[in-house]
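Subject: Structure handover

Hello,

Here is the structure you asked for. My notes on cavities, sheet, helix and hairpins follow it.

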Amino acid sequence: MAQVKDRYVGTEVPRKEDPELITGQGRYTDDMTLPGMLWMGVVRSPFAHARIKSVDVSKALEIKGVVAAFSGKDLAKDWAAPLLMAWAVTEDIKNPPHWPLAQDKARYQGDGVAVVLAESRAVAEDAVEAVEVDYEPLDPVIDMEVALGKDAPLVHDEIGTNKSYTWTLTNGDPDKVFAEAPVVVKQRYVIQRQIANAIEPRAVLVQPSPAAGEFTMWSSTQIPHIVRVAMTIATGIPESKLRIIAPQVGGGFGSKLQVYPEEALCLTLAKRTGRPVKWVETRSENYLATHHGRDQIQEMEFAADKEGKIRGYRARILVNMGGYLMIITPGTPLLGAFLYCGPYGGEAYHVEFNGVFTNTVPTDAYRGAGRPEATYAVERTIEALARKVGKDPVEIRRLNFLPAFTEPTPSPGGLNLDSGDYDATLDKALQLVGYDDLRKEQQVRREQDDVKQLGIGFSTYLEMCGLAPSRVLSALRYAAGGWDAATIRLLPTGKVVLVVGTTPHGQSHVTTFAQIVADDLGVSPDDIEVLYGDTQLAPLGMDTYGSRSLAVGGVAVHRAAQKVVAKIKKIAAHELEVSEEDLEYERGRFSVKGAPDKAKAVGELAFSAWTAHNLPDGLEPGIEETAVYDAENFVFPYGAHICVVEVDTETGKVDVLKYVAVDDVGTIINPQIVDGQVMGGVIQGIAEAIFEEAIYDENGQLLTSTMTNYEVPAAPDVPEVIIGRSETPSTTNELGVKGVGETGTIASPPAVVNAVIDALSHLGVTDIGRPMSPERVWRTIREAKGGAKGGGKR
């Protein structure tokens, strides 16, 4: 047995996952090959909107090594139902069927219209090129506001509109508050579309067992348990005959929180042919076939008194659904619906969301999923309020923060917040950034008319995560639950097997969950084997997304461990010939009160449970316990981020000089892993503010379809990131944990944009569209100085 330390939770235990990965032993879906395996290729529409008049696969079938080829209509009878859309946010939502292959029209560039099977990947690629599709091009609609117009082309003719839904939430009397408020600020923001660039593109492999009617699917997915249910719905294959495995998964950022056409196609084609079928996405396909993120137009209003104290919030949001509703497309923006007040107080609140179909790649969850968009609107608008009432950005925030609390507290958005001390995180961030000295330097540069101006931007955010509880999700019309599960087996030698229902893809569950169990059972993390991502090994689970794994799955782990301790205690009391009440438990050792030398260790008791030679009457041999945890509330991380930028007023180039992130994510399990999550999120958010944008032309052609023209951050773009934290335990769960996977991405975009505006505020700049490319910033400066107009705002 490995040596046991006093405590593991809260310490920097080295990642258990790393040795396998850094030595090249990780096994991804693309690494797998099966005897008799066929490769699948998908024929994708080059048009954003076109009627499919005919599909001719004959020339593809003439190519040596091509086994089969099918159009959407050829496979129409293979489907029991369309692909799963799990979040019908309103009773009257328009949700046209989304089949794995289009049958009548292509509704975005990249929409699958036919499929081929071949003996090799190269032959499959040639066969894709040989399929002849006769398209009748139709006028596309790309812009959301145009799509809502009277004469706009219809993405789905059968529903007679491009509006999918309208969803509203109202608390208090916002109309009265706004009518009476002496100060009202109204802002419009465009949240640009983004494309996830996980290091591993998607991949699927299906192995059929024809005699048994069973199928095993390996998929680079975040949600194997949900995929299994969705595949049963789509194909009619019983869940009991489906095994879904997510092996090593190279990142997701929400893009693998999806039920994709290619999964259903591989499964049904393996069923048709009786042979394994594999598909691996190319990076180019990733831009056209994996769902996109963000893409909103926001109108945000604050009502305040003359001092800047906020009384009311009002937001109207247009959300681009793309060509179809995928698994949680309509619900993704609603994950931020309760947060258009941030960590601030007020008495009235109203939000309205309108989902709009366009001829673009469908959107869905992307890191933060609705929370970054809400935070952006709030943190930009509070700066506008500060300008209007003549207050410093720090002062306006302090004026409006909810007072510190350690018991559940209501927010204007209708949430019951778990714990918070928003001033504390801001205080620490100001100290770490050296705020007063930065303001002095900024003033000197302005007085000297320096070419490079300094800007300081703030973002004091509030996040809702730990997707649960199930009853609340039901009230929001979400089809699945928010619970999760864990099973612990204590082996005869004292080693531990932990089986979890979450599905990590870079979040370090193996390490952090082992730390929780190590403390509960008094063993070393090295003696704990963590299994996950396989619906046969871990039949209970709701998977990984929305920063829920620790706040829900981690609590299930802890509760399973407590059940193990309870059973071991019975054996210890029996062997020590005392009552359970006479025992004390500490760090894997039961001792008799007042007689500490009379004791039994967990390892000894595990062996006793296995031999069953001397168990208490009625106690079953072996130690295996399962806990399923369904939280009573969400958890609410928060923090203060400060960005320091330098803006070249001659070229428009923005350089992030320093970034301070102070987050409160409740109890910390592993500080090093928390820092890594925050750092990664911050860089992703900086890229959102400065670099990344998916751009379509008027014909619906994706202009940013490769990494050549879709800019992602590289090592030289990473600034100095100073990480601090406060620790206010959550009142939602006994571990006090919250979530950290999305904090950096939620907080950073408005901090960066606010910093650039601050750098140019002496020129009269109050707004810059995003991403803040050098050209856009340069045009904004030129316009502010009285030059040619256009190009700055968006």
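First, the naming: helices (H or I, at least four residues) and strands (E, at least two) are DSSP runs, numbered from the N terminus. This is a predicted model, so local features need pLDDT of at least 70 and side-chain atom pairs count only at pLDDT 80 or more, while totals for chains, interfaces and linings use all residues. Residues are numbered from 1 along each chain as its sequence is written, and side-chain values use heavy atoms, with hydrogens and water left out.

Cavities

A cavity here is a set of points, on a 1 Å grid over the protein atoms alone, where a 1.4 Å probe fits but cannot get out; lining residues have an atom within 4 Å of a point. Grid points are joined across faces, edges and corners, and a volume is the space filled by probe spheres set on the points.

The structure has 6 cavities of 30 Å³ or more. Helix α7 gives the most, with 3 residues. By class, the lining of the largest cavity has 14 nonpolar, 3 polar and 3 charged residues. For these classes, Ala, Val, Leu, Ile, Met, Phe, Trp, Tyr, Cys and Pro count as nonpolar, Asp, Glu, Lys and Arg as charged, and the others, Gly among them, as polar.

The second largest cavity holds about 80 Å³ of space. It is lined by 13 residues, with R294, T332, T363, D364 and E373 closest to its centre. Here the elements giving two or more residues are β13 (292–304) and β14 (310–322). Strand β13 supplies the largest share, 3 residues. The classes in this lining are 5 nonpolar, 5 polar and 3 charged.

Sheet

Two strands pair if DSSP finds at least two bridges between them. An open sheet of 3 strands runs in the order β4-β2-β6, with antiparallel pairing. Its edge strands are β4 (105–106) and β6 (132–137), each pairing on one side only. Strand β2 (residues 50–56) pairs with β4 over 2 bridges. In that pairing, R51 has K105 of β4 as its bridge partner.

Helix α14

Helix α14 (residues 509–521) has 13 residues. From first C-alpha to last it reaches 18 Å, close to the 18 Å expected at 1.5 Å a residue; the expected span is 1.5 Å times one less than the number of residues. How much of α14 is buried? The helix is mostly covered, with 13 of its 13 residues buried, where buried means under 20% relative accessible area (1.4 Å probe, protein chains only). After α14 comes G522, with a positive phi near 70°.

Hairpins

Strands β22 (residues 583–586) and β23 (residues 589–592) run antiparallel and are joined by 4 bridges. L583 has V592 of β23 as its bridge partner. The two strands form a hairpin with 2 residues between them, and R587 in the turn has a positive phi of about 50°.

Strand β23 also pairs with β24 (residues 595–601), antiparallel and over 4 bridges. R589 is bridged to A601 in β24. This hairpin, too, has 2 residues between its strands, and G594 takes a positive phi near 85°.

Regards

Key: On a 1 Å grid over the protein atoms alone, a cavity is a set of points where a 1.4 Å probe fits but cannot get out, and a pocket is an open set with protein on both sides within 12 Å along at least five of seven lines; lining residues have an atom within 4 Å of a point. Buried means under 20% relative accessible area, exposed over 50%, partly exposed in between (1.4 Å probe, protein chains only).
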